[in-house]
Amino acid sequence: MALLQQRRLDAQLRFQSRRYLAFEECCTWVRRNLDFASREEWEDWVSCGEDLSPYIPTRPDEFYSRLGLWRGWQFFLRGVEDAGDDPGKGVIVS
């Protein structure tokens with residue numbers, strides 16, 4: 001059963017990957033068009049359901065994390081490098 005669920009999630013991710021913008025393009029679109037300062041502002045916008053784009057995931061943190069690309073809300077919304085909410089901050093790459 002777990003294998004079937006994993007295959008379904010993998011197929012869904014492949015489909016969504018074709019539908020949503022690449023991470024950097026998504027960040028650029030969000031910064032140019034929405035100018036939000038916080039996750040709360042993002043969630044309020046999503047909950048209103050107005051002007052949502054089919055190319056922008058409503059849960060970008062979940063979607064881009066599964067791809068290993070998520071760099072935190074401050075980077076996503078404002079372009080802040082090495083923000084405190086960046087899950088990769090402090091990771092040593094050898």
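A: Start with helix α2, residues 23-33, whose buried residues are F23, C26, C27 and V30. Buried means under 20% relative accessible area, exposed is over 50%, and partly exposed is in between, with a 1.4 Å probe and protein chains only. Helices (H or I, at least four residues) and strands (E, at least two) are DSSP runs, numbered from the N terminus.

Q: How do the buried residues of α2 fall, seen down its axis?
A: They fall within an arc of 100°, so they line one face of the helix. The arc is that of the directions from the helix axis to the C-beta atoms. An α-helix has 3.6 residues a turn, so residues three or four places apart point the same way.

Q: What covers the buried residues of α2?
A: The cover includes α3 (39-48), α4 (60-66) and α5 (73-78).

Q: Where do these numbers come from?
A: This is a predicted model, where local features need pLDDT of at least 70 and side-chain atom pairs count only at pLDDT 80 or more, while totals for chains, interfaces and linings use all residues. Residues are numbered from 1 along each chain as its sequence is written, and side-chain values use heavy atoms, leaving out hydrogens and water.

Q: What about N33, buried or partly exposed?
A: N33, in helix α2, is partly exposed, at 47% relative accessible area. A polar atom of its side chain lies 2.8 Å from the backbone oxygen of W29. A polar contact is a pair of N or O atoms within 3.5 Å; within protein, one must be able to donate a hydrogen and the other to accept it, and residues adjacent in sequence count only if both atoms are side-chain atoms.

Q: What follows α2?
A: D35 does, with a positive phi near 55°. In the loop between α2 and α3 there is also S38, buried at 18%. Its side chain reaches the backbone nitrogen of E41 at 3.2 Å.

Q: New topic: what does P54 touch?
A: Leaving out residues up to four places away in sequence, P54 touches R19 and Y20. Contact means heavy atoms within 4.5 Å. P54 is in the loop between α3 and α4.
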